[in-house]
Amino acid sequence: QVQLVESGGGLVQPGGSLRLSCAASGSIFSINTMGWYRQAPGKQRELVASIISGGSTNYADSVKGRFTISRDNAKNTVYLQMSSLEPEDTAVYYCKMNIYTNRVRASSNYWGLGTQVTVSS
């Protein structure tokens, strides 16, 4: 089994910064895409940023220039550095990873349980 655990959420004032982490554990052969999603109350879950195994990244327009996604393949961990936070960034943030559990079986998507980020004065 594979488990993803997020950490780093919390309450921050507008203009502040937070760093989220998500570590995968369990039966992991390799990890393809890692990503961060968020879901605000009453809204659909949306992609925030993603990073493939080669390092190429993709960002939602609303976070470009403010958020940075990175990964540590040796630790099976993805990070999201968030700066210049705005109240509109308030949401539960989820990580998602596309993971191969062995050399033969097709990859599957795994989700973390989420971490709350609240931006408020």
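Modeller: A disulfide is counted here when the sulfur atoms of two cysteines lie within 2.5 Å; please keep in mind that this is a predicted model.

Biologist: How many disulfides does a search of the whole structure find?

Modeller: The search finds 1 disulfide, formed by cysteine 22 and cysteine 95, whose sulfur atoms are 1.9 Å apart. This pair links distant parts of the chain, since cysteine 22 belongs to strand E3 and cysteine 95 to strand E9, 73 residues apart. Cysteine 22 and cysteine 95 are both buried.

Biologist: Which residues have the most contacts inside the largest nonpolar core?

Modeller: In soluble globular proteins, nonpolar side chains tend to be buried together. Here the largest nonpolar core has 31 residues, and those with the most contacts inside it are Leu4, Trp36, Val78, Leu80, Met82, Tyr93 and Met97. Several strands, including E1 (2-7), E3 (18-26) and E9 (91-100), each supply at least two residues of this core, and the largest share, 5 residues, comes from E9. If we leave aside its neighbours within four places in sequence, leucine 4 is in contact with residues that include Cys22, Cys95, Met97 and Trp111.

Biologist: Is serine 50 buried or exposed?

Modeller: Buried means under 20% relative accessible area, so serine 50, at 15% relative accessibility, counts as buried. Serine 50 lies in strand E5, and, with neighbours within four places in sequence left aside, its contacts are Thr33, Met34, Gly35, Ser56, Thr57, Asn58 and Ile69.

Notes
Residues numbered from 1 in each chain as written. Predicted model: local features only at pLDDT ≥ 70, side-chain atom pairs only at ≥ 80, totals over all residues. Heavy atoms only, no water. Core = buried A, V, L, I, M, F, W, Y, C linked by side-chain atoms within 4.5 Å. Buried < 20%, exposed > 50% of the residue type's maximum accessible area, 1.4 Å probe, protein only. Helix = DSSP H or I, 4+ residues; strand = E, 2+ residues; numbered from the N terminus. Contact = heavy atoms within 4.5 Å.
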